[in-house]
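Biologist: Hi, I'm new to this one. Could you walk me through it?

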Amino acid sequence: MDKRVQFDFEIDFSNGGGIQGQDFRLDIEGDDISDEELAEYIVRDMRLLMVGNVRILNKQIITEPHKRPQPKSQWLYHLVPARLGMVTGEATPEEVETVSRHSAYFQDLTAKGVMILMGRTQNNDESTFGIAIFEAEDESAARRIMEQDPAVMGVVMRAKLYPYKIALMRK
């Protein structure tokens with residue numbers, strides 16, 4: 001069952017002033033959260049600066065569905081050219097057009113906040129491949145994104161989908 005914490009808080013700022021909240025609610029993982037963790041979460045989540053003292057008051061854990069949207073899962077699809085000539089300078093006009101639509105598709109997904117990154121190896125031999133890392137609600141949504149890629153639809157590239165999770169990424 002989803003757990004939330006309901007509480008009051010008082011935050012003093014080091015440069016003077018402060019803010020208060022009553023009956024504030026936040027989604028939590030697990031069955032409890034310490035006052036220190038809660039204070040850190042509030043400050044980080046509200047992006048507060050110059051924070052002095054934080055007091056948590058009247059804290060109680062309640063059972064209630066989480067309100068924030070859950071993070072989407074990450075997916076990777078691996079792409080290989082269906083025909084090696086496509087990357088060795090022997091692409092047909094149809095392949096060039098399809099790859100152009102493929103690039104536009106990725107640009108659109110990036111603008112919509114779906115695509116995290118995409119790219120390809122820079123070798124032009126049988127080991128060349130590309131990857132696309134993106135977010136989707138679930139596997140069927142991820143599969144639709146991959147299958148609607150113009151390069152996959154046009155059979156210019158073959159693709160395979162994998163569940164994925166970025167573990168570390170520089171800013």
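**The sheet and its core**

Modeller: Happy to! Four strands make an open sheet in the order 5-6-4-7, with antiparallel pairing; strands pair if DSSP finds at least two bridges between them. Strands (E, at least two residues) and helices (H or I, at least four) are DSSP runs, numbered from the N terminus.

Biologist: Which strands stand at the edges?

Modeller: Strand 5 (115-120) and strand 7 do, each with a single partner strand, so one side of each is left without a neighbour in the sheet. From one strand to the next, the twist averages 20°.

Biologist: What should I know about the model itself?

Modeller: This is a predicted model, where local features need pLDDT of at least 70 and side-chain atom pairs count only at pLDDT 80 or more, while totals for chains, interfaces and linings use all residues. Residues are numbered from 1 along each chain as its sequence is written, and side-chain values use heavy atoms, with hydrogens and water left out.

Biologist: Thanks! How many bridges join strand 4 to strand 6?

Modeller: Seven, and the two strands run antiparallel. Gln 74 stands opposite Glu 135 in strand 6.

Biologist: What lies across the strands?

Modeller: Helix 2 lies across strand 4, strand 5, strand 6 and strand 7, and runs at about 150° to strand 5. Axes are lines fitted to C-alpha atoms, for helices over the stretch in contact, and angles run from 0 to 180 degrees between N-to-C directions.

Biologist: Which residues of the largest nonpolar core touch the most other members?

Modeller: Tyr 77, Phe 106, Leu 109, Phe 134, Ala 136, Ile 145 and Leu 161, out of 21 residues. Such a core is a set of buried Ala, Val, Leu, Ile, Met, Phe, Trp, Tyr and Cys residues joined through side-chain atoms within 4.5 Å. Buried means under 20% relative accessible area, exposed over 50%, and partly exposed in between (1.4 Å probe, protein chains only).

Biologist: And which helix gives the most to this core?

Modeller: Helix 3, with four residues.

Biologist: What does Phe 106 touch?

Modeller: Not counting residues up to four places away in sequence, Phe 106 touches Tyr 77, Leu 79, Met 115, Met 118, Ala 132 and Asp 149. Contact means heavy atoms within 4.5 Å.

Biologist: Switching to loops, where is Arg 47 found?

Modeller: In the loop between helix 1 (35-45) and strand 3 (51-63).

Biologist: Is Arg 47 buried or exposed?

Modeller: Arg 47 is exposed, with a relative accessible area of 74%.
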